[in-house]
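Okay, thanks for coming, everyone. Let me put the model up and then walk you through the contacts.

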Amino acid sequence: MTKFLVRLFAPRGRIDFVLKWVLQIIACCLLYAAIETLVNGYPSEGFRDHFKTVVLTSAPFFALALWLFGHMYVLQVELAELATKDMLTGLPNRRAFMEKAGRASKDPGGVLMMVDVDHFKRINDTYGHATGDMVLQTLADHMVTVIRAQDTVARIGGEEFAIYLKDAPVGVVQEIGTRLSQGVMVPTADGEERVTVSVGASVADGVRAIDRLLSEADEALYAAKSQGRACLVMAVCDAGSHVF
């Protein structure tokens, strides 16, 4: 209820602030006039003086109330963003991805990809965590440029990312997976180094839940790691079995 009231009364700009402020004053004046009429008859003696007092009293009160509603609205937006956004890369987090991809996976033809950075521990151990963070940020930016407008990419933990491709033919999946697996060049203390990723993918059929698709893509990802990394492996489901 509180969230609804905040969204209802919070001003969205200066003009909206003034309009809501004036409307609230008018509503207060009408309410006072209605009460005055019911109690004393209209107009009663001293009505104008009392009316001015109501206006002068309510105006600063409503201005303060609107400012507080606006401040609470900003806090709500920031908290919602913190709950659904990965602060390092700026991508959606696991929670946001599971919600959005879970809805999209109810339609067949989509593809869920699991993406893992190759030799990420070596990068952290050799160049430090600051370089490791830069690698994750660079790869996140790269993934955004590789996928299509209707697709979703998120960081779901550590050096793992997830991508959901909506209505993606095999050719599109292979093209995107290949471009992703090639990785990016990142500056290090020893000069530039290419950082690649391994990709596992699972095709949605509109029946299997998002958790199942994620598990299948994760198995395909491990297959990609075992096949030498820097490649895409598609999970093919047949009567519950997985063939890579």
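**Threonine 152 and the cores**

So, let's start with threonine 152: leaving out residues up to four places away in sequence, it touches Phe97, Lys100, Ile147, Ala162, Ile163 and Tyr164, where contact means heavy atoms within 4.5 Å. Quick housekeeping: this is a predicted model, so local features need pLDDT of at least 70 and side-chain atom pairs count only at pLDDT 80 or more, while totals for chains, interfaces and linings use all residues. Residues are numbered from 1 along each chain as its sequence is written, and side-chain values use heavy atoms, with hydrogens and water left out.

Back to threonine 152, which is found in strand 2, residues 152-157; helices (H or I, at least four residues) and strands (E, at least two) are DSSP runs, numbered from the N terminus. Is threonine 152 buried or exposed? At 10% relative accessibility, threonine 152 counts as buried; the cut-offs are under 20% relative accessible area for buried, over 50% for exposed, and partly exposed in between, with a 1.4 Å probe and protein chains only.

Now, the largest nonpolar core has 29 residues, and Met113, Val117, Ile163, Leu165 and Leu180 have the most contacts inside it. By core I mean buried Ala, Val, Leu, Ile, Met, Phe, Trp, Tyr and Cys residues joined through side-chain atoms within 4.5 Å. Which element gives the largest share of this core? That's helix 6, with six residues. Apart from this core there's another, of 16 residues, including Ala101 and Ala162.

Ala101 also shows up among the buried residues of helix 4 (residues 94-104), together with Phe97 and Met98. Within helix 4, arginine 95 forms a salt bridge with glutamate 99, closest N and O atoms 3.7 Å apart, and the two sit four residues apart, about one turn of the helix. For salt bridges, the rule is a side-chain nitrogen of Lys or Arg within 4 Å of a carboxyl oxygen of Asp or Glu. Glutamate 99 is partly exposed, at 43%.

The structure holds 11 salt bridges. Here's one to look at: aspartate 116 and lysine 225 meet at 2.8 Å, N to O. Aspartate 116 is in strand 1 and lysine 225 in helix 8 (residues 210-226), so the pair ties together parts that are 109 residues apart in sequence. Both aspartate 116 and lysine 225 are buried. And finally, Asp205, Arg208, Arg212 and Glu216 are linked in a salt-bridge network.
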